[in-house]
Amino acid sequence: MRIFVLSLPKDGEKLERFRSELARTLPGEVFEIPEMFNARLFSEKRIAEVYDKEKTIKNYETEIGKGEIGNILSQQSIFEKIAEEEEGVAAIFEDDAKISDRLKEAIPYILNWLSTNKHRPIALLLSQPSTYRLWQSTSLGDGKHRVVKVLSASGNYGYIVNAKGAKSLLALNRPISRHPDDWKYYQKTKKINVFSIYPFLVGNYDFDRKHSNLSKERYDMWHAARKE
């Protein structure tokens, strides 16, 4: 399993905290930082090539900001790499992810579960979804965790995709017209299976999102659209 962390150059303090988190919870593991796209520097032509403004407004009644467009492109660059590998698996984290100590023991079981389900396109959230079906869950196999079907969720603090899941997420959001954490939509398409681990394994140090690079942009754009 390859591990990626989404981190901007200016967020060195967050990255170092994540490095410590990973060393504590998954000692010996290394991570990669994908190319972090700055869509604010894109020409209008380049934006139009990767982003469908009209469809986005139809979906949300507002646009997706250029900061988030860049973030989505960075995630899609990871999907491209994993999709090329028949049995590829990627764990993707934000740099302010808070990782549970339980992840170390759970990882072998997670990888085994993914291996037995490699024929299915899967996104496996490590964070807590908004709504889920615990009564439809199955055991992860370690006697401590279950795999639950996600009905809706927000946030990309930590999740895992397999090769087929990566291909599906690319197909579902090119050109970009959906937020990367619109898990309710992705699940409803039935082109990808969205699950989560319960109890949840990843939280966020910035729970109220006061220091998030993208949440303020999304909030401001939503309110600007309401005023219009």
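Strand E2, residues 89-94, is mostly covered in this predicted model, since six of its six residues are buried. Both of its faces are covered: Val89, Ala91 and Phe93 are buried on one side, and Ala90, Ile92 and Glu94 are buried on the other. Strand E2 also has strand partners. Strand E1, residues 2-6, runs parallel to E2 and is joined to it by five bridges; Ile3 has Ala91 of E2 as its bridge partner. Strand E7 pairs with E2 in the antiparallel sense, again over five bridges, and here Val89 stands opposite Asn162 of E7.

These pairings belong to a wider arrangement. Strands of a sheet pair through backbone hydrogen bonds, and the pairing may be parallel or antiparallel. In this model seven strands form an open sheet with mixed pairing, in the order E1-E2-E7-E4-E8-E6-E5. Strands E1 and E5 (131-139) stand at the edges; each has a single partner strand, so one side of each is left without a neighbour in the sheet. From one strand to the next the twist averages 30°.

Another helix, H5, may be considered next. Helix H5 comprises 14 residues, 103-116, and at 1.5 Å a residue it should span 20 Å; its end C-alpha atoms are 19 Å apart, which agrees. The buried residues of H5 are Leu103, Ala106, Ile107, Ile110, Trp113 and Leu114. An α-helix has 3.6 residues a turn, so residues three or four places apart point the same way. What covers the buried residues of H5 includes the strands E2, E3 (97-99), E4 (122-125), E6 (146-152), E7 (158-162) and E8 (193-198).

Ile82 lies in H4, which covers residues 66-83. Its relative accessible area is 0%, so Ile82 is buried. Leaving aside residues up to four places away in sequence, Ile82 touches Arg2, Phe4, Gly88, Val89, Ala90, Val161, Asn162, Ala163 and Ala166. Ile82 and Ala123 are 41 residues apart in sequence, and their C-alpha atoms are 13 Å apart in space.

Phe18 counts as buried at 0% relative accessibility, and Phe93 is buried with a relative accessible area of 2%. Tyr159 and Trp183 form an edge-to-face pair, at 5.3 Å centre to centre and with 70° between the planes. This pair too links distant parts of the chain: Tyr159 is in strand E7 and Trp183 is in helix H7 (residues 183-188), 24 residues apart.

Finally, two arginines lie over tyrosine rings. Arg17 lies over the face of Tyr205, 4.2 Å from the ring centre, and Arg178 lies over the face of Tyr60, 5.6 Å from the ring centre.

Terms used:
Residues are numbered from 1 along each chain as its sequence is written. This is a predicted model: local features need pLDDT of at least 70, side-chain atom pairs count only at pLDDT 80 or more; totals for chains, interfaces and linings use all residues. Side-chain values use heavy atoms; hydrogens and water are left out. Helices (H or I, at least four residues) and strands (E, at least two) are DSSP runs, numbered from the N terminus. The expected span of a helix is 1.5 Å times one less than its number of residues. Buried means under 20% relative accessible area, exposed over 50%, partly exposed in between (1.4 Å probe, protein chains only). Contact means heavy atoms within 4.5 Å. Two strands pair if DSSP finds at least two bridges between them. Axes are lines fitted to C-alpha atoms, for helices over the stretch in contact, and angles run from 0 to 180 degrees between N-to-C directions. Rings of Phe, Tyr and Trp (its six-membered ring) pair if their centres lie within 6.5 Å; planes under 30 degrees apart count as stacked, over 60 as edge-to-face and the rest as tilted. A charge sits over a ring if NZ of Lys or CZ of Arg is within 6 Å of the ring centre and within 35 degrees of the ring normal.
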